[in-house]
Amino acid sequence: MEKRDVMQDIMDIAGDGKRFAYVRSFGCQLNVSDGEKIKGLLKQIGYSFTENEHEADIIILNTCAVRESAEDRVFGIIGSMKKLKEEKPSLIIGIAGCMTAQEHIAEKIKKSYPQVDFVMGTSAINALPSLLLDCLRGKKFSADTKEYDDFSEHMEQVRESNFKASVPIMFGCNNFCTYCIVPYVRGRERSRRPEDIISEVRQLVSDGYKEIMLLGQNVNSYGKDLENGMNFPALLRELNEIDGDFVIRFMSSHPKDASCELIDTIFSCEKVAKHLHLPVQSGSNSVLDRMNRRYTVEKYLETVDYIRAKDPDFSLTTDLIVGFPNETDEEFRATLDLIKKVRYDNIYSFIYSKRSGTKASEIDDKIPEEVKSLRMRELLEVQREISTENYKRFIGRKMRVLVDGVSKKREGYVTGKSDEFIIVEFEGNKSLIGKFVQTEITGSMNWAVIGRKL
């Protein structure tokens, strides 16, 4: 049956009354983008949206599976919805996202949570109308967790922002880092056609979007599965040629694919943000080997040196895992040495969390949790000192800022990010949100800089 026929059948069964949907996405920005597509389909069917689950006629939880704690949290939420279903038997509850891509999880939901009406895999968003129609026709439980190559091109999205847009350019991952579940729940790398990406970005810019965030589990390996020879730097150069005033960002990058061509492209394209998020995860070669990261600290530093040779002030951020199974004190000290050498503007650090289904989860870890916590505190203190000193370099400089909200710390101030991905706060009001503003930096802290509007 054609999708439009399915949608018409849904509307015929559901009637003409007002229907409300509650969609909640967990985890990464790719998940948020998937949630926007789910909302787009629901809007086409005739649903409006609510932030109050008690008002909803359909609830969809778009889940994350990166950490077991995230799964436990979702199971707690699903359990609490049993009462909602009892109070409103017509309520439809669906579970989507990375959790459902795991066969044992989908089976657990079916057996243990009868309040759930359907589950939907990460690449099965187009199946939502059919799943919903099954529910409306009285089917007790429906599921579609197959892996599709269909990227849902031309699907309407209900975006969370009217000036910042996320654009997935590829899906899946081939790296199989030993701590990561993503290749098992998102599948192998699959790149979208460049013409579809370029068309989407051109339309977004025409619609007034100011920030385009290109997304992929390993965004800079884009194009390796394409036959047309288009790689990620070439895609950036094509997008940079689109007319309009906007900034291009991307995440997440893998250091093994951070080529000199990519770095040269960042510097040569005026619309590509002068910032690179380059997750190193550890400063120890032995830990990197156990993580299956497929680069060494020395190779990583060659990339950093290439960047710094072009611009010593170039903005770098990273991800770090503290307490990988059996991490020694010497291995942890190597990570401290690395961040002192690279001097990141910011880091995103995590204490290792065991993830069932990954190779690392099979390791008998003998490092006590309190040791890991102490290491994390030390790491954060070292980075705090680096950031405090780093941000002083911006004082007296002019920075273009895309304003994205009001300051939570200073009344009468707004906040946004510069092209260097630095948080800037300055005096202003809500009318500036969604606009580029030129500022002069007058002060710095360990997490942001203070400016004045020019």
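Tutor: Let us begin with a definition: buried means under 20% relative accessible area, exposed means over 50%, and partly exposed is in between, with a 1.4 Å probe and protein chains only. This is a predicted model, in which local features need pLDDT of at least 70, side-chain atom pairs count only at pLDDT 80 or more, and totals for chains, interfaces and linings use all residues. Residues are numbered from 1 along each chain as its sequence is written, and side-chain values use heavy atoms, with hydrogens and water left out.

Student: Does D264 count as buried, exposed or partly exposed?
Tutor: D264 belongs to helix α9 (residues 260–268), where helices are DSSP runs of H or I with at least four residues, strands are runs of E with at least two, and both are numbered from the N terminus. Because its relative accessibility is 28%, D264 counts as partly exposed.

Student: What is the distance between the closest N and O atoms of K310 and D264?
Tutor: These two residues form a salt bridge, that is, a side-chain nitrogen of Lys or Arg within 4 Å of a carboxyl oxygen of Asp or Glu. The pair links distant parts of the chain, since K310 is in helix α11 (residues 297–310) and D264 in helix α9, 46 residues apart. K310 has 41% relative accessibility and therefore counts as partly exposed. The closest N and O atoms of the two are apart by 3.1 Å.

Student: How many salt bridges does a search of the whole structure find?
Tutor: Side chains of opposite charge can pair when their charged atoms come close. Searching the whole structure for such salt bridges gives a total of 34.

Student: Which helix holds both R384 and E381?
Tutor: The side chains of R384 and E381 meet in a salt bridge, with 2.6 Å from N to O. R384 has a relative accessible area of 37% and is therefore partly exposed, and E381, at 35%, also counts as partly exposed. The two lie three residues apart, about one turn of the helix, and that helix is α13 (residues 369–390).

Student: How far does the backbone nitrogen of E160 lie from a polar atom of the side chain of E36?
Tutor: E36 is in helix α2 (residues 29–45) and, because its relative accessibility is 7%, counts as buried. E160 is in the loop between β6 and β7 and, with a relative accessible area of 60%, is therefore exposed. From the backbone nitrogen of E160 to the polar side-chain atom of E36 the distance is 3.1 Å.

Student: What is the separation between the C-alpha atoms of K435 and L402?
Tutor: K435 is in the loop between β17 (423–427) and β18 (436–444), and it counts as partly exposed because its relative accessibility is 44%. Along the chain K435 and L402 are 33 residues apart, and their C-alpha atoms are separated by 5.7 Å.

Key
Polar contact = N/O pair within 3.5 Å; in protein donor to acceptor, adjacent residues only side chain to side chain.
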